[in-house]
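Hi everyone, thanks for making time for this. Let me put the structure up, and then we can walk through it together.

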Amino acid sequence: MAEKIIAYRFDRLKETLSQLNKANCAIVAGGTDVMVMHKSRRGVPPKIPKPIIFIDHLPELKQVNQNGNDLHIGACCTYSELLRDPLIPMPLKKAIKTIAAPAIRNRGTLGGNICNASPAGDTLPLLYIYNAKLLLRSVNGDRIVPISDFIQGVRRVQREPNEILTEIILPSVLEDGAHVVFEKVGNRNADAIAKVGFAGYIRTNGTVIDDVRFAFGAVGPTMVRSVDIETKLLGKNLPLADGDISQVVAAFDKMIKPIDDQRSTALYRKTVALNLLRYFLNSSTHNQHI
């Protein structure tokens with residue numbers, strides 16, 4: 001006799017949160033990660049050891065809107081929907097285009113990419129340098145958590161069982177005149193897990209750097225970012241001196257600690273990550289469109 005599967009699909013977020021407060025459920029949005037993690041042999045449904053609650057259809061989680069200069073992105077917006085939305089920054093669209101094939105982009109969600117907390121999450125380096133904040137909601141109310149605090153390790157996040165990630169907030173992203181880049185290194189341009197991900201951000205006042213940020217993916221258990229290292233470049237004039245660039249690269253050389261796995265070697269990952277950083281600093285220094 002087939003094992004009974006309990007699943008819930010409510011029409012509104014309020015009902016969904018009420019059920020989550022009664023029972024510990026497996027939250028399924030696009031399911032592109034959940035289904036793989038719990039896959040069984042061919043022809044047999046995945047064995048998910050909890051009741052399932054579907055959220056991908058909830059209208060409250062499918063909005064993209066501007067609030068002042070902040071961008072609010074519903075956690076269940078699919079990648080394909082975000083590619084079509086005029087408010088989404090082009091660097092984030094570039095990252096989304098590197099994710100899997102169109103069929104997966106039609107199902108996978110930005111919130112799912114965050115909650116999966118993979119070190120190789122394609123959008124995560126950009127969300128870190130955008131200083132993304134996450135709105136979590138439960139029957140007890142809302143709380144906002146910086147993404148760097150929310151993601152605590154490989155597949156470990158700071159979410160209570162009765163909470164849902166409802167929005168990703170990108171502060172001041174719509175007014176920002178920064179130069180932002182995203183690079184993903186994999187076996188193919190898309191439909192490949194990243195060997196290394198990199199995002200860089202630099203904003204200037206004339207020739208003086210007044211904000212700079214870097215984040216690396218797939219080279220540690222979480223995204224690698226250091227505000228302390230970034231601060232060393234604040235107030236520096238462009239073009240940056242070779243010594244300043246070398247100092248920043250050397251500091252990240254000590255921080256980045258990748259592993260060997262079936263996709264790549266630790267040495268390759270570190271070498272590529274540092275080369276991407278050096279290239280970004282050199283190209284930004286001489287870029288007249290910052």
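Here's one to start with: which residue stands opposite Asp70 in β5? That is Asn67.

Before going on, two words about the basis. This is a predicted model, where local features need pLDDT of at least 70 and side-chain atom pairs count only at pLDDT 80 or more, while totals for chains, interfaces and linings use all residues. Residues are numbered from 1 along each chain as its sequence is written, and side-chain values use heavy atoms, with hydrogens and water left out.

Back to our two strands. β4 covers residues 64-67 and β5 covers residues 70-74; they run antiparallel and are joined by four bridges. Strands count as paired if DSSP finds at least two bridges between them. Val64 has Ile73 in β5 as its bridge partner. Together β4 and β5 make a hairpin with two residues between them, and Gly68 in the turn has a positive phi of about 65°.

How many helices and strands does the protein chain have? There are eleven helices and 13 strands. Both are DSSP runs numbered from the N terminus: helices are H or I with at least four residues, strands E with at least two. Of the 290 residues, 48% count as buried, which here is under 20% relative accessible area, with exposed over 50% and partly exposed in between (1.4 Å probe, protein chains only).

On to the aromatics. A search of the whole structure finds six aromatic pairs. Rings of Phe, Tyr and Trp (its six-membered ring) pair if their centres lie within 6.5 Å; planes under 30 degrees apart are stacked, over 60 edge-to-face, and the rest tilted. One of the pairs is Tyr8 with Phe10: the centres are 5.9 Å apart and the planes at 10°, so this pair is stacked. Tyr8 is partly exposed, because its relative accessibility is 24%. Phe214 and Phe252 also have centres 5.9 Å apart, but their planes are at 90°, so that pair is edge-to-face. Phe214 is in strand β13 (residues 208-217) and Phe252 in helix α10 (residues 242-255), 38 residues apart, so to speak a link between distant parts of the chain. Both Phe214 and Phe252 are buried. Ring pairs also draw Phe198, Phe216 and Phe280 into a cluster with these two.

Last, some backbone details. Most residues other than glycine have a negative phi, and most peptide bonds are trans. Leu238 and Pro239, however, are joined by a cis peptide bond, with omega about 0°; Pro239 is in the loop between α9 (227-231) and α10. Ala117 has a positive phi near 50° and lies in the loop between α6 (110-116) and α7 (124-129). Is Ala117 buried or exposed? At 1% relative accessibility, Ala117 counts as buried.
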